[in-house]
Amino acid sequence: MPMARKKPRTSRANGKTFRIRYCDPGTVKGDDGTVCRGTTDFERQEIDIERLLPPDIEGETLLHEHLHQLIEPLANVLPDDLEEVICKALGIALFASLRESPELWRYVLSIASPRPRRPRVVKSLLTGGGLG
Ligand SMILES: [Zn+2]
């Protein structure tokens with residue numbers, strides 16, 4: 001099954017939409033100034049992801065930064081280093097789970113997503129008669 005490869009431009013969690021920016025290699029830097037693959041800035045509501053990462057690493061990094069956004073309400077009770085360990089471990093685990101259990105994720109996504117509406121105009125054209 002062909003999968004969409006359009007890069008997401010936003011990440012939504014806890015009622016907030018963060019902008020996702022894809023940045024040149026070597027330009028994404030953490031709080032301590034070291035180069036990293038991704039960062040989440042809660043004040044600016046922006047996630048920066050290094051451009052041109054291998055697909056698996058990009059997927060894990062997107063999930064990692066999204067997890068930081070998801071657990072933001074716990075930021076006051078979680079030590080920073082523990083938050084980082086959680087996001088790293090779950091980002092890798094979730095990416096592997098998406099690969100290993102796609103049927104499960106598709107089903108959950110189908111439950112979480114609004115169903116597309118059937119186009120009523122098509123039905124009325126088909127049943128409208130007039131050609132017999
Ligand atoms: Zn992190």
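Leaving aside neighbours within four places in sequence, which residues is E60 in contact with? The legends below take up this question and a few related views of a predicted model.

**View 1. E60 and its partners across the chain.** E60 sits in helix α1. Once neighbours within four places in sequence are set aside, its contacts are G91, I92 and F95. Because E60 has 22 C-beta neighbours inside 10 Å, it counts as buried.

**View 2. Helix α1 packed with helix α2.** Here we step back to the two helices. α1 spans residues 55–70 and α2 spans residues 80–100; they pack at an angle of about 130°, and their axes are 8 Å apart. The two helices are therefore oblique to each other. The crossing of α1 past α2 is right-handed.

**View 3. The residues where α1 meets α2.** From α1 come D56, G59, E60, L63, H64, L67 and H68, and they meet C87, K88, L90, G91, I92, L94 and F95 of α2. By type, the residues of this contact are seven nonpolar, four polar and three charged.

**View 4. The largest nonpolar core.** Seven residues build this core: F18, I47, I49, L62, L63, L67 and C87. The largest share, three residues, belongs to α1.

**View 5. A closer look at I47.** I47 is one of the core residues. Beyond its neighbours within four places in sequence, I47 is in contact with S11, F18, I20, G38, T40 and E65.

Key. Residues are numbered from 1 along each chain as its sequence is written. This is a predicted model: local features need pLDDT of at least 70, side-chain atom pairs count only at pLDDT 80 or more; totals for chains, interfaces and linings use all residues. Axes are lines fitted to C-alpha atoms, for helices over the stretch in contact, and angles run from 0 to 180 degrees between N-to-C directions. Helices (H or I, at least four residues) and strands (E, at least two) are DSSP runs, numbered from the N terminus. Angles under 35 degrees count as roughly parallel, over 145 as roughly antiparallel, 65 to 115 as roughly perpendicular and the rest as oblique. A crossing is left-handed if the near helix is turned anticlockwise from the far one by less than a right angle, and right-handed if clockwise. Two residues are in contact if their C-beta atoms, placed from the backbone, lie within 7 Å. Ala, Val, Leu, Ile, Met, Phe, Trp, Tyr, Cys and Pro count as nonpolar, Asp, Glu, Lys and Arg as charged, and the others, Gly among them, as polar. A nonpolar core is a set of buried Ala, Val, Leu, Ile, Met, Phe, Trp, Tyr and Cys residues joined through C-beta atoms within 7 Å. A residue is buried if 20 or more other C-beta atoms lie within 10 Å of its own, exposed if 12 or fewer, and partly exposed in between; C-beta atoms are placed from the backbone.
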